[in-house]
Amino acid sequence: MVKISVTNLAGQKSEIDAEVGLSLMENLRNNDFDDLAAICGGCCSCCTCHVFLDEDSYAKMPEMEDDEQYLLEDAEAYQAGSSRLSCQVEVDDSMAGIKVTIAPEG
Ligand code: FES
């Protein structure tokens, strides 16, 4: 388990114990962040698991595949250097302390 800071759509911050080996999306859903819809279930085809990361946190993310990049670039809320699809990020021990903000849909 690693501690992750999460800000929901309403701007409320909380800290969760994220399970290493699960995706960031699965950890958010398991901790009742229902404002992260994740409607494709992690197939990288919906963009409803979009999150923002601060600079330090973003640097700890695994490399992005092309299909994730294409989906994100189509999202209205896309922010280069901050946006990721949380279903494409597997949580590992290096991610302790990362700061995640759930992005608005669209
Ligand atoms: S859950 Fe659909 S792209 Fe991540």
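**Sheet.** I looked up the strand order and found 5 strands in an open sheet, S2-S1-S5-S3-S4, with mixed pairing. Strands here are DSSP runs of E with at least two residues, numbered from the N terminus, and two strands pair if DSSP finds at least two bridges between them. Strand S2 (13-18) and strand S4 (83-85) stand at the edges with a single partner strand each, so one side of each has no neighbour in the sheet. From one strand to the next I get an average twist of 35°, with axes as lines fitted to C-alpha atoms and angles running from 0 to 180 degrees between N-to-C directions.

**Source notes.** This is a predicted model, where local features need pLDDT of at least 70 and side-chain atom pairs pLDDT 80 or more, while totals for chains, interfaces and linings use all residues. Residues are numbered from 1 along each chain as its sequence is written, and side-chain values use heavy atoms, without hydrogens and water.

**One pair.** Next I checked strand S1 (residues 2-7) against strand S5 (residues 99-102): they pair in the parallel sense over 3 bridges. Valine 6 has valine 100 in S5 as its bridge partner.

**Cavity.** I then searched the whole structure and found 1 cavity of 30 Å³ or more. A cavity is a set of points on a 1 Å grid over the protein atoms alone where a 1.4 Å probe fits but cannot get out; lining residues have an atom within 4 Å of a point. Points are joined across faces, edges and corners, and volume is the space filled by probe spheres set on them. The largest cavity holds about 30 Å³ of space, and its lining includes Cys47, Cys49 and His50.

Terms used: 1 Å grid on protein atoms, 1.4 Å probe; cavity = no way out; pocket = protein on both sides within 12 Å on 5 of 7 lines; lining within 4 Å. Helix = DSSP H or I, 4+ residues; strand = E, 2+ residues; numbered from the N terminus.
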